[in-house]
Amino acid sequence: MRDLDYLTLLSHEFPSARSCAAEMINLRAILSLPKGNEYFFSDIHGEYESFIHLLRSASGVTRAKIEEVFGNLMPETEQEKLARLIYYPAEILSDMRHSGEITDGWYKRTIHQLIALCREVASKYTRSKVRKKLPLEYGYAIDELIHTDESEPDKRLYYMEILNAVGDVEAADDFIIALSELIQSLLIDSLHIIGDIYDRGPRADYVMDELIKFQDVDIEWGNHDVSWMGAASGNTTCIATVLRIATSYNSFDVLEDGYGINLRPLSMFADAVYKDDPCDCFRPHLLDDNKYDSVSPELAAKMCKAISIIELKLSGQLIMRHPEYDMDNRLLLDKIDYNKGTVKIDGVSYPLRDTHFPTIDPDDPYRLTEEEEGLVETLKYSFLHSRRLQKHIRFLYSHGSIYKICNNNLLFHGCIPFNEDGSFMVLKTSEGEVYGRSLMEYFQEKIVDAYFTNELDEPEKKKNAVDMMWYLWAGPVSPLFGKDRMATFEHLFIEDKKLSVETFNPYYEYSNIVSYCEKIFKEFDMPTDVSHIINGHVPVKVLKGEKPVKADGRLYVIDGGLSKAYHAKTGIAGYTLIFNSHHLALAEHREFDKDGVSTPEMYVTETMKRRILVKDTDKGKELEKQIFDLEELLECYKLGLIKENQN
């Protein structure tokens, strides 16, 4: 017998042999159901409108289900209208009401169609699971409609009376919205976000709001996520990095309206210091308009330059504070000849595009001025005390990790760092050498320490972990960054583009080879014949003939450029990887147009040898353990080792 204490605790939930047997029957039945639909996204980069549309449309699967259910019974134009209603029920109903398109007959017909679609998408789940997704107010009515066969004479009147009652109490609009949201929820059983929710796009905070509402979601952190997590932990270099990117991409709404970050001190400082400086090298990318916080491109450029100089100073201080980071090649402010306007890199002098540095002391270039120090402390206070930002960062921690193994899929954002010879890259730490899986787990521990370690109890541990958050953003052995260096200085100040090239870690070449994927699977104790690596980080340039599926199907790179900043490079607008009970499929997205047709091109990449059931999944293994525990509890009841409660 196993631990009686544990089984005694379990007996509080299942107090009798009958309750044990009933639960075992339920769990065994669940094991025989098809697995739920898993959706994988990466590199959302604040593109909330596109991302929310992909969730509501299940990346095109909703449209396919409508065609499957109604086929030739409904013209294609009507199928499109029904799909758009499901995606945006409140907006579509409002538009139709104002245009006078809605009739009593339309309400009944549409609810009937939505119920038919609900039945189809709910068929692979238990009735109990569907009930948990039902809206509180209309749960009973929807449950009855889904599970009532209106073709049966005895049930037809009952079915129709429910529909009549919905209309009589003027609840049809709410009912349609509830049904549409239920369909959305049922089509995506679990959601995996493979990093980079933040930066470049307009409103990462809206993306986070959407994820928080989702029932089953996990996040594998990207380098852009970790820089925000570092900022929320008080890392001033990360704060400067976040603000440089935001000012560079004209993303002021997410900072001030979204998170309440007070940018007025930065704007006033920048306007005063760079009053007559055009700051041409720092002009923002105008991909999106701000709705709430309009900043002129001229002021945005000044703000970007001010915070960029501060970032270079702070990162220099951090690098000198941690020689173990081995990042001295990023110390370039002290390599500038401020009289000639040149910088020496690897023994060669290059002219600077911008030579106006009023806040840099050539004799001590990494020292912040008194005004910069005050500004940095003000910004740090704003990040640490933003309640909404801290809420979102806590969700990233509670639902996130640096990697995840799920149903024989290894999920991580960037890479497993390799050396040129194909061996795992080693990071030497005070705790010993780490590489491969141990490297990932080492960084996982430091990321958690940065946010949750109490500074008063363990100040040195806290400080080192907080510093490490910036290393994860830009360090040469960071699995989230995956490059030899972050060439921020070169991008900003040097015309010669060859110097701005950031060399990818050898992982990105070796992972195209089956044997090296298998090497990674072995490192993570995964089967080599059925496993996949799924990561993002590197946009797949479809225009140049690149493919997202590599290494004979072992590797999926699903960064297809959801961010508008990458559309011209990739030629598409992102990927969704969908793993259902039959196959793995990729949805290749077009540029988002809410008013147009945005159904992606879908193609199957791998067909399962047989339909995958719940018993074949990680969830199935958990259920089998529960069944085993219940069997032991049942045996304890039979032997009298634990007394039954028959009440």
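A residue is called buried under 20% relative accessible area, exposed over 50%, and partly exposed in between (1.4 Å probe, protein chains only). This is a predicted model, in which local features need pLDDT of at least 70 and side-chain atom pairs count only at pLDDT 80 or more, while totals for chains, interfaces and linings use all residues. Residues are numbered from 1 along each chain as its sequence is written, and side-chain values use heavy atoms, with hydrogens and water left out.

Let us begin with the charged pairs. A salt bridge is a side-chain nitrogen of Lys or Arg within 4 Å of a carboxyl oxygen of Asp or Glu. How many salt bridges does the count come to? The count is 38. Here are some of them:

| Pair | Closest N and O atoms |
|---|---|
| Aspartate 364 and arginine 367 | 3.6 Å |
| Arginine 554 and glutamate 518 | 3.4 Å |

Arginine 554 is buried at 15% relative accessible area, whereas glutamate 518 is partly exposed at 23%. Elsewhere, salt bridges with shared partners join Arg203, Asp205, Asp209, Asp257 and Arg388 into one network.

Arginine 437 and glutamate 441 sit 4 residues apart in helix 20 (residues 436-452), so about one helical turn separates them. Glutamate 441 is partly exposed, at 39% relative accessibility. Aspartate 364 is partly exposed at 35%, and arginine 367 is partly exposed at 40%.

Next come the cysteines. A disulfide is counted when two cysteine sulfur atoms are within 2.5 Å, and a search of the whole structure finds 0 of them. For cysteine 415, the closest cysteine sulfur belongs to cysteine 517 and is 13 Å away, which is too far for a bond. Cysteine 415 is buried, with a relative accessible area of 0%, and cysteine 517 is buried, also at 0%.

Our last stop is leucine 639, in helix 26 (residues 618-639). Leucine 639 is exposed, with a relative accessible area of 52%. Together with Leu4 and Leu641, Leu639 makes a nonpolar surface patch of about 270 Å². Patches are made of residues with over 30% relative accessible area and no salt bridge, joining like charges within 9 Å and nonpolar side chains (Val, Leu, Ile, Met, Phe, Trp, Tyr) within 5 Å. Accessible areas come from the Shrake-Rupley method with a 1.4 Å probe, and for residues only the protein chains shown count as cover.

Terms used:
Helices (H or I, at least four residues) and strands (E, at least two) are DSSP runs, numbered from the N terminus.
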